[in-house]
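Hi there,

Here is the structure I promised to pass on. Have a look at it first, and then read on for what turned up.

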Amino acid sequence: MLRPKRSTIKVGCELLKNSILTILSFLFLISCKQVDNSENRLVSVIPKPQSAILHRGYFSLGSQTQVKFDLANLSIKSVADQTIEWIRTCNFSEAGKGTIELLIDNQADLKLSGYRLLVQKRRIRITAKEPSGLFYGIQTLRQLMAANPGGKIPCLDITDYPAFGWRGLMLDCSRTFLPKAYILKYIDRLALIKMNVLHLHLTDDQGWRIEIRKYPELARICSNFDPQYPGEVNGFYTQDDIREIVAYASKNYITVVPEIEMPGHSTEIFAAYPDLSCKGNKSVIFPYFKGPGVTGDILCAGNDSVYVFMENVLREVIALFPSEYIHIGGDEAPKESWQNCRKCQNRIQSEGLKGEAELQSYFIRRMEKFIHSQGRKLIGWDEILEGGLAENAAVMSWRGVQGGIDAAKMGHSVVMSPTSHCYFDYSYETTSTEKVYSYLPVPKELPIEQSKFILGAQANMWTHIARTETAIDAQIFPRLFALAEVLWTNPVVRDYADLERRIGVKSAEIK
Ligand SMILES: [Zn+2]
């Protein structure tokens with residue numbers, strides 16, 4: 001008996017092979033409409049798997065489906081529990097049969113955080129080298145399930161892995177305070193599309209949003225807006241809120257990177273602690289600065305109390321966030337107040353610095369030394385390159401890509417986030433989803449041996465214009481679908497028209 005040929009959506013770099021496979025797929029689609037539907041379902045996964053082969057038939061997922069895993073392997077338990085819970089909450093048309101096997105195999109031919117998802121008629125098997133791989137396999141399964149009403153998962157064989165290790169989104173919870181429930185919702189959304197970094201911009205001129213036990217006035221005063229400014233949202237995260245966010249993110253294989261801005265973007269601090277500014281002006285009334293943009297007053301780099309204060313803040317931040325990287329901002333710090341400050345000028349002289357740019361570098365180096373002494377790494381916006389980059393610092397390149405290129409050439413880790421492709425507060429006219437999708441995080445100018453320093457990229461969502469959850473969501477999606485795929489799927493596999501089709505399916509799912 002003649003068996004129908006396999007329909008194959010093979011993602012690879014050989015054009016000819018692809019063409020042949022496309023023709024085979026087409027022939028098979030003509031002969032079997034059932035697989036036609038399955039094929040559409042398969043391509044609705046975002047980010048697109050590196051390699052996927054479709055077979056005939058389907059696995060029927062239902063409430064009776066068993067999840068099998070090695071009970072002795074505690075590292076899988078969390079993923080297994082989440083899988084069981086997910087199955088419990090799905091709507092199925094059938095009771096379902098068969099099993100989902102979660103398998104850790106250290107010898108498997110898989111990349112870091114990669115997985116193989118094999119769907120057969122009676123069995124789904126996800127194999128990975130580490131639990132994160134299993135987790136990503138489950139996310140693919142969740143997407144397949146959502147696109148296949150009734151729980152009929154097409155038989156297929158997916159081998160998948162991320163192109164980059166840093167797949168991030170920054171949410172600005174200072175300009176607009178974003179409630180904890182909204183942050184948790186974003187963790188769900190990021191997990192579903194296999195993103196793994198949530199960077200929280202916790203402090204800025206417009207509000208300090210994290211409780212610091214040693215300085216309770218930061219939360220009490222500096223997060224509290226005057227009601228005469230409509231649209232402003234008061235609020236901060238308690239340390240318990242932060243612990244809940246971090247734990248939930250961790251369960252979803254997402255690292256929460258905290259950002260505490262210094263020495264610029266910090267006037268909100270002066271509402272409670274005016275002595276930390278160069279002017280030491282006690283008449284500061286909050287909100288001190290109404291942004292967006294940059295204010296001239298920044299933390300005094302000549303005052304030792306500033307360093308003590310910031311180290312105490314960071315000590316509590318480090319205790320709350322297990323992230324390898326602690327973000328200290330470092331951007332947009334105008335130097336006029338330092339130029340006119342006796343303490344800052346004394347510091348320049350006593351440290352033998354050449355001027356204010358080197359004073360900024362001195363400030364960041366001191367912070368880097370402290371963060372390093374706590375077993376963590378400093379990351380900052382690309383201005384931290386000015387006046388000399390601190391020894392172990394990583395750079396987040398936002399003013400284009402040059403900062404990232406310079407840092408990588410010096411052997412420093414880099415996260416790319418250029419305004420051209422990654423600023424999601426910009427309008428869609430400026431930065432369309434298609435433009436985001438065209439982004440290549442490793443700049444062409446960078447020699448190949450230094451490309452390893454590009455950890456990945458992230459989208460930045462500043463909240464000075466879009467200030468409601470609905471408006472912020474509309475800025476982020478669908479562009480984040482595009483960036484998720486840029487960071488996960490190899491460029492040879494990417495296809496924008498195909499992404500648009502999948503976005504049509506996924507947009508409902510991400511709500
Ligand atoms: Zn000063």
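**The zinc site**

The site of the zinc ion is tetrahedral, with angles of 107 to 115 degrees among its four donor atoms. Four donors get that label if all angles lie between 85 and 135 degrees, and the ideal value for four tetrahedral donors is 109.5 degrees. The model is a predicted one, in which local features need pLDDT of at least 70 and side-chain atom pairs count only at pLDDT 80 or more, while totals for chains, interfaces and linings use all residues. Residues are numbered from 1 along each chain as its sequence is written, and side-chain values use heavy atoms, with hydrogens and water left out.

The zinc ion is held by the SG atoms of Cys 278, Cys 300, Cys 341 and Cys 344, at 2.3 to 2.4 Å; donors are N, O and S atoms within 2.8 Å of the metal (3.2 Å for Na, K and Ca). Along the chain, these donors follow the spacing C-x21-C-x40-C-x2-C. Cys 278, in the loop between α8 (267–270) and α9 (304–320), and Cys 341, in the loop between α10 (336–339) and α11 (342–350), link distant parts of the chain, 63 residues apart. Helices here are DSSP runs of H or I with at least four residues, and strands are E runs of at least two, numbered from the N terminus.

Cys 341 counts as buried because its relative accessibility is 6%, the cut-offs being under 20% relative accessible area for buried, over 50% for exposed and partly exposed in between (1.4 Å probe, protein chains only). Ser 337, in helix α10, is buried too, at 10%. Beyond its neighbours within four places in sequence, Ser 337 is in contact with Cys 278, Gly 296, Asp 297 and Ile 298, where contact means heavy atoms within 4.5 Å.

**The barrel and its helices**

Eight strands form a closed barrel with parallel pairing, in the order β8-β9-β12-β13-β14-β15-β16-β17. Two strands pair if DSSP finds at least two bridges between them; β12 (residues 255–262) and β13 (residues 325–329) are joined by two. Met 262 stands opposite Gly 329 in β13. Helix α5 (residues 180–192) packs on the sheet, touching β8 (166–172) and β9 (197–201), and its direction makes about 155 degrees with that of β9. Angles run from 0 to 180 degrees between N-to-C directions, with axes fitted to C-alpha atoms, for helices over the stretch in contact. Helix α17 (residues 479–488) lies across β8 and β17 (454–461), at about 150 degrees to β8.

In helix α13 (residues 402–409), the buried residues are Gly 403, Gly 404, Ile 405, Ala 407 and Ala 408. Their cover includes β15 (394–397), β16 (414–416) and β17. Just after α13, Gly 411 has a positive phi of about 85 degrees.

**Aromatic pairs, and one more strand pair**

There are 18 aromatic pairs, counting rings of Phe, Tyr and Trp (its six-membered ring) whose centres lie within 6.5 Å; planes under 30 degrees apart are stacked, over 60 edge-to-face and the rest tilted. Tyr 437 and Tyr 496 make a tilted pair, because their ring centres are 5.6 Å apart and their planes at 50 degrees. Both are buried. Ring pairs also link Trp 381, Trp 398, Tyr 423, Tyr 426 and Trp 462 into a cluster.

Finally, seven of the ten residues of strand β2 (residues 51–60) are buried. Seven bridges join β2 to the antiparallel strand β7 (residues 152–160), and Phe 59 has Ile 153 in β7 as its bridge partner.

Best wishes

Note on methods: Tetrahedral: all angles 85-135°; square planar, octahedral: opposite > 155°, others 65-115°.
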